[in-house]
Amino acid sequence: MQMLLLLPGDGIGPEVCAEVRRVAAALTPDIVIDEAIYGGASFDAHGTPLTDDVLARALSSTAVLLGAVGGPQWANAPRALRPEAGLLKLRKEMQVFANLRPALCFDALADASSLKREVVAGLDIMIVRELTGGVYFGEPRGIETLADGQQRGFDTQVYTTGEIERVARVAFELARGRSNRVTSAEKSNVMESGVLWKQVVTALHARDYTDVQLDHMLADNAAMQIVRAPTQFDVLLTDNLFGDILSDAAAQATGSLGMLPSAALGEAGKPGLYEPIHGSAPDIAGKGVANPLAAILSFEMALRWSFGRADTADRLFAAVTRALDGGALTRDIGGTHSTTAMGDAVIAALG
Ligand code: IPM
Ligand code: MG
């Protein structure tokens, strides 16, 4: 039995996940959908953003799909119990080390980008972000008080050969199914972990992937190139922190953060974790205007990468494209469709 665990979470999460439920009911009625409390909502109900029970259900599902986490009302919760901590714990416990963040510009949306149409038309980047290592999890970390009364905050950026190699392998494999190019971004000019990153990617390439074109780019230059000439990239491989930043920049280039899905994958056969890139958007939560496409496209990625249903995924992707081409647009992409009207348009376009 294939099972999708929905964790709607906070803010607009429940609204966009409701549309995933409707799409799944129409498209894949045989997939069992379970749902659980998570994030700030779970903190309020259980004093923790991720209970052991929900984590166990996540680990035994086929795939997990998140809505969004966090909001201003939890800004003062202890850091270890904040909604974001629940997300990091879920990524770590599920061991989903490779985060696929496609930045794709749908033709109907090229004018919604803050960049010129000619710069973003045809944009199709796959960012592969390392997700369970680096400065997000490195020890030691903390804030300490010095003898002179000042405080000192510190984090540790750390990567092992194995951590770099396994995510780089995912990037090279993906490139083979696309335009066969990988750009690896780090800061090897100032960071030891960046030097190692570059060495390991270079060695893996020489060993197993000489058929793929590999380029190295400093991460700051990559940020600049994403807003200058984003279509030069095919697969962009980078670490956890740089990937966080570069994926927001690439997302905006496509027109709206409300459009972009993501997939976090671990070893083959383990459940994947799928989430829209957008946050909880507290300013529009509960108003029925959020764009559900990032969540719906996250389900599309789940069909492809966890449920082994590439054909069904293709069908859903085509329906989203048709809905957009037919003028179904939510507020963030220049239209007036409500969240449910957008869900209706996708379902109607399934044909
Ligand atoms: C993301 C988010 C998260 C991250 C936050 C919410 C912890 O920004 O998924 O990009 O930094 O990874
Ligand atoms: Mg981010």
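Student: How do the residues of the lining of the largest cavity divide into nonpolar, polar and charged?

Tutor: Happy to! That lining divides into 5 nonpolar, 4 polar and 3 charged residues. Here Ala, Val, Leu, Ile, Met, Phe, Trp, Tyr, Cys and Pro count as nonpolar, Asp, Glu, Lys and Arg as charged, and the others, Gly among them, as polar. This is a predicted model, in which local features need pLDDT of at least 70 and side-chain atom pairs pLDDT 80 or more, while totals for chains, interfaces and linings use all residues. Residues are numbered from 1 along each chain as its sequence is written, chains are lettered from A and ligands numbered from 1 in the order in which they are written, and side-chain values use heavy atoms, without hydrogens or water.

On a 1 Å grid over the protein atoms alone, a cavity is a set of points where a 1.4 Å probe fits but cannot get out; a pocket is an open set with protein on both sides within 12 Å along at least five of seven lines, and lining residues have an atom within 4 Å of a point. By this rule there is 1 cavity of 30 Å³ or more. The largest cavity holds about 60 Å³ of space, the volume being that filled by probe spheres set on the points. Among the residues lining this cavity are Q157, Y159, K187, W197, D239 and F242. β8 (181-186) and α7 (192-208) each supply at least two lining residues, and α7 gives the most, with 3. Helices (H or I, at least four residues) and strands (E, at least two) are DSSP runs.

Now for the open space. The largest pocket contains about 470 Å³ and has 24 lining residues, with L87, R91, E275, I277 and G279 nearest its centre. β3 (63-68), α4 (83-94) and α9 (240-253) each give two or more of these residues, and the largest contribution, 4 residues, is from α4. By class, this lining has 10 nonpolar, 7 polar and 7 charged residues. The largest pocket lies between domain 1 (1-104 + 259-351) and domain 2 (114-254), because both give residues to its lining.

The second largest pocket has about 360 Å³ of space. Its lining is made of 13 residues, and R79, A85, L88, Y136 and R141 are the closest to its centre. Here too α4 has the largest share, at 5 residues. This lining has 7 nonpolar and 6 charged residues, with no polar ones, and at least three residues come from each of domain 1 and domain 2.

What about the ligand? A polar side-chain atom of Y136 is 2.5 Å from an oxygen atom of ligand 1. For D244 the side-chain N or O atom is 2.8 Å from a ligand oxygen, and for R129 the corresponding distance is 2.9 Å.

Finally, some backbone details. E139 and P140 are joined by a cis peptide bond, with omega about 0°, and P140 sits in the loop between β5 (124-130) and β6 (142-145). Q95, although not a glycine, has a positive phi of about 55°, and Q95 is placed in the loop between α4 and β4 (98-104).

Methods: Domains from an automatic or database assignment. Polar contact = N/O pair within 3.5 Å; in protein donor to acceptor, adjacent residues only side chain to side chain.
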